[in-house]
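Morning, everyone. I'll keep this short. Have a look at the model, and then we'll start with one residue.

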Amino acid sequence: YTVWNFVPKNLFEQFRRIANFYFLIIFLVQLMIDTPTSPVTSGLPLFFVITVTAIKQGYEDWLRHKADNEVNGAPVFVVRSGSLVQTRSKNIRVGDIVRVAKDETFPADLVLLSSDRADGTCHITTASLDGETNLKTHFSVPETSVCQSVSQLEALQAVVECQQPEADLY
């Protein structure tokens with residue numbers, strides 16, 4: 001949602017629900033045809049439900065927006081111009097080499113190039129993605145696991161081939 005399209009998109013989504021659409025049709029029929037019941041009996045509850053739902057969804061969207069801004073503004077270290085440069089995570093671009101320290105949140109989808117462990121592994125938790133809090137072991141790319149210094153990482157020339165993003169995490 002944006003400020004400009006919130007009302008139309010929200011109304012569209014709400015009237016896709018069959019119950020809301022049904023009550024809208026009943027309300028419109030009562031307006032057009034002389035019926036023994038007042039249109040207010042179906043119009044007021046429908047208006048109340050639509051309004052409360054829109055307020056709830058608007059508030060949730062505002063909270064998501066606030067959380068996104070917090071994550072996007074988090075400081076990260078990126079290899080640029082032969083040194084580690086601190087920037088915000090929203091400024092990370094495709095191809096940047098990002099240094100992630102212990103207990104830091106990953107600012108983007110990353111490929112593990114190297115680790116400070118001898119076996120080239122690291123342990124991560126994916127609780128923010130799938131809710132699982134157990135540690136998962138990931139292995140660095142064998143060809144790049146020896147790259148430990150900033151100069152070695154900056155000199156690295158590589159192409160990463162991967163699948164297109166999927167909604168299914170598994």
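Which backbone oxygen lies 2.6 Å from a polar atom of the side chain of S115? The oxygen belongs to T121. Bear in mind that this is a predicted model.

Let's stay with S115. Find the loop between β3 (98-99) and β4 (121-124); S115 sits there. Setting aside neighbours within four places, S115 contacts G120, T121 and Q148. Buried or exposed, then, for S115? Buried: the relative accessible area of S115 is 8%, and the cut-off for buried is under 20%.

Now zoom out to the protein chain. It has 5 helices and 5 strands. From the N terminus, the order is α-α-α-β-β-β-β-α-β-α. The radius of gyration is 26 Å, well over the 15 Å that the globule rule gives for 170 residues, so the chain is more spread out than a compact globule. Along its principal axes, the C-alpha trace spans about 80 × 30 × 30 Å.

What about burial across the chain? Buried residues are 18% of the 170. The accessible surface is about 13300 Å², with 61% of that belonging to carbon and sulfur atoms.

Last stop, the start of the chain. An unreviewed UniProt entry lists residues 1-42 as "domain: P-type ATPase N-terminal". In the model, that span is 67% helix and 0% strand. Its end C-alpha atoms lie 28 Å apart.

Terms used
Residues are numbered from 1 along each chain as its sequence is written. This is a predicted model: local features need pLDDT of at least 70, side-chain atom pairs count only at pLDDT 80 or more; totals for chains, interfaces and linings use all residues. Side-chain values use heavy atoms; hydrogens and water are left out. Helices (H or I, at least four residues) and strands (E, at least two) are DSSP runs, numbered from the N terminus. Buried means under 20% relative accessible area, exposed over 50%, partly exposed in between (1.4 Å probe, protein chains only). A polar contact is a pair of N or O atoms within 3.5 Å; within protein, one must be able to donate a hydrogen and the other to accept it, and residues adjacent in sequence count only if both atoms are side-chain atoms. Contact means heavy atoms within 4.5 Å. UniProt positions are given in the numbering used here, feature names are shortened, and annotations may be inferred rather than shown by experiment. The radius of gyration is taken over C-alpha atoms; the globule rule is 2.2 Å times the number of residues to the power 0.38. Accessible areas come from the Shrake-Rupley method with a 1.4 Å probe; for residues, only the protein chains shown count as cover.
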